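User: I'd like to learn how to read a sheet and a protein–DNA surface. Can we work through one example together?
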Number of protein chains: 2
Amino acid sequence: MTETSRNSAHEGGQPGRIGIGLELDATHLKILEVLRENGRISVAALAERVGISRANAYTRFEALRADGAIKRFTAEIDHVRAGLGITALIFVTVRQQMWRQFRAQLAAMPEVEYCAITTGQHDAMIQVRVTDVAAVHTMVTDRLANIPAVKATETVFILDEVLRRPYVLPSDRGPGRSARRPAHDPADSPGSGGPAGGSGGARSSGGEVPLGMMRFVGAAEGRAQLQRDA
Amino acid sequence: MTETSRNSAHEGGQPGRIGIGLELDATHLKILEVLRENGRISVAALAERVGISRANAYTRFEALRADGAIKRFTAEIDHVRAGLGITALIFVTVRQQMWRQFRAQLAAMPEVEYCAITTGQHDAMIQVRVTDVAAVHTMVTDRLANIPAVKATETVFILDEVLRRPYVLPSDRGPGRSARRPAHDPADSPGSGGPAGGSGGARSSGGEVPLGMMRFVGAAEGRAQLQRDA
DNA sequence: GTTGAAATTAGTACGAA
DNA sequence: TTCGTACTAATTTCAAC
């Protein structure tokens, strides 16, 4: 229920159908644009803001929902007012072939708001919200340390959340640049084929990383099985 | 409009009033609980699910909105279906006394979905969503590198988003544990007073960090002025 | 894909407990 | 404060164009 979609996989929509199920046109994107800023707007008002008829808005709204382009509607809550003033990032190194266990344990931790599998030095990044700094320490040393799948952790505190956009859309880019494929020199790509298939040469540097350097690989050993493990 | 609230500051609610403006009781939390999972629920249905009258639900709903506990309602969008299949984290080291410029430049980058100021090796972490890997490279080398405030970057790709909860609430914890202050030994805190006032001793380690180690400081030089700079 | 009308539901205001 | 009810306004649905 709380699991998000895989980057490269579908999420239980129509079984057998992997790719896109709905071709999003400019109007669809416009609807998403309005909806991400005001998720409680009525469809009637939405139609007016987008510039289409109400019936059309209802049809498209329902299509976006059914297709999965809109996953859910949610309220953005002020964590500080809700009593969770401390936010931390915990970078986790996961023991190989224990991803499934790691995922299961994560689901049982209510203070975890976000978890992503990453390339680079660590294997996963989790964001937690707790009441005080001590709770972070408890979380890392007591709860995470007791998971066999967790090999090592590194914790960082979030001092300030500068920016949070309610989901980026390709239409955010100016009309001059293509949304599908921004203009660039095709020769200077660091690696083609996407990160999910990443298994290129190891370029792990120890100290300060110069501008633009990417940690593309380094902890990919246990990640190949990720696709079928969980 | 897209700026989120400071961890330790208010956000333009009632001027002069810093702390909490509304004491949240169990019913308020219950409302938030429902609303974060279904932001489009009608107040009538909300009242029924929470177990209060409609009039009461309207009053509390409005109070939560006015107080700022609910910041906004938004639609969760499937970035892959929207055409932004690549997600990356860029860790940025910011040149001292250039935070204001850094923040301003960030606002002009539509592909940035989230940016947080952190403790640890780097100063900020930004999450970007783009169409392909090449766009990440372009973003880092062309756009970020041209910001004088940016000293160094380190990029990591997100292979999978395992978990995303629509905002964690203190009520997520079981009823046995206190929401305000979880039971723990007060002596084993890594540092008291919260991370916002962080200026403790430097404990920066170079290689693999053992379990539970925290990068509490290390790049705090330019961060003290953060409170008044931007 | 659009417009317009009917049915339903949502939002407001009030007095009572 | 909270609840219940009645009133008003809006939204959603469904029809025909």
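User: How many bridges join β3 and β4 of chain A, and in which sense do they pair?
Analyst: First the general idea. Helices (H or I, at least four residues) and strands (E, at least two) are DSSP runs, numbered from the N terminus. Two strands pair if DSSP finds at least two bridges between them. Here, β3 (residues 112-118) and β4 (residues 124-130) of chain A pair in the antiparallel sense, over five bridges. V112(A) has V128(A) in β4(A) as its bridge partner.

User: What should I know about the model and its numbering?
Analyst: This is a predicted model: local features need pLDDT of at least 70, side-chain atom pairs count only at pLDDT 80 or more, and totals for chains, interfaces and linings use all residues. Residues are numbered from 1 along each chain as its sequence is written, chains are lettered from A and ligands numbered from 1 in the order in which they are written, and side-chain values use heavy atoms, leaving out hydrogens and water.

User: In what order do the eight strands close into a barrel?
Analyst: The order is β2(A)-β4(A)-β3(A)-β5(B)-β2(B)-β4(B)-β3(B)-β5(A), with antiparallel pairing. Neighbouring strands of this sheet are turned by 35 degrees against each other on average, direction ignored. Axes are lines fitted to C-alpha atoms, for helices over the stretch in contact; angles run from 0 to 180 degrees between N-to-C directions.

User: Which strands does helix α4 of chain B touch?
Analyst: Contact means heavy atoms within 4.5 Å. Helix α4 (residues 99-107) of chain B packs on the sheet, touching β5 of chain A and β2, β3, β4 and β5 of chain B. Its direction makes about 165 degrees with that of β3(B). Helix α5 (residues 133-144) of chain B also packs on the sheet, at about 150 degrees to the direction of β5(B).

User: Now the DNA. Which residues surround DNA strand C?
Analyst: A residue is near a strand if one of its heavy atoms lies within 4 Å of it. For DNA strand C, the residues include N56(A), S42(B) and R54(B). α3(A) supplies the largest share of this surface, three residues.

User: Which atoms of N56(A) and R54(B) lie at DNA strand C?
Analyst: A polar contact is a pair of N or O atoms within 3.5 Å. A polar side-chain atom of N56(A) lies 2.9 Å from a phosphate oxygen of DNA strand C. For R54(B), a side-chain N or O atom is 3.2 Å from a base oxygen of DNA strand C.

User: What share of the DNA strand D atoms within 4 Å of the protein belongs to sugar or phosphate?
Analyst: The share is 81%; the rest belong to bases. A polar side-chain atom of R60(B) lies 2.7 Å from a phosphate oxygen of DNA strand D.

Technical notes. A polar contact is a pair of N or O atoms within 3.5 Å; within protein, one must be able to donate a hydrogen and the other to accept it, and residues adjacent in sequence count only if both atoms are side-chain atoms.
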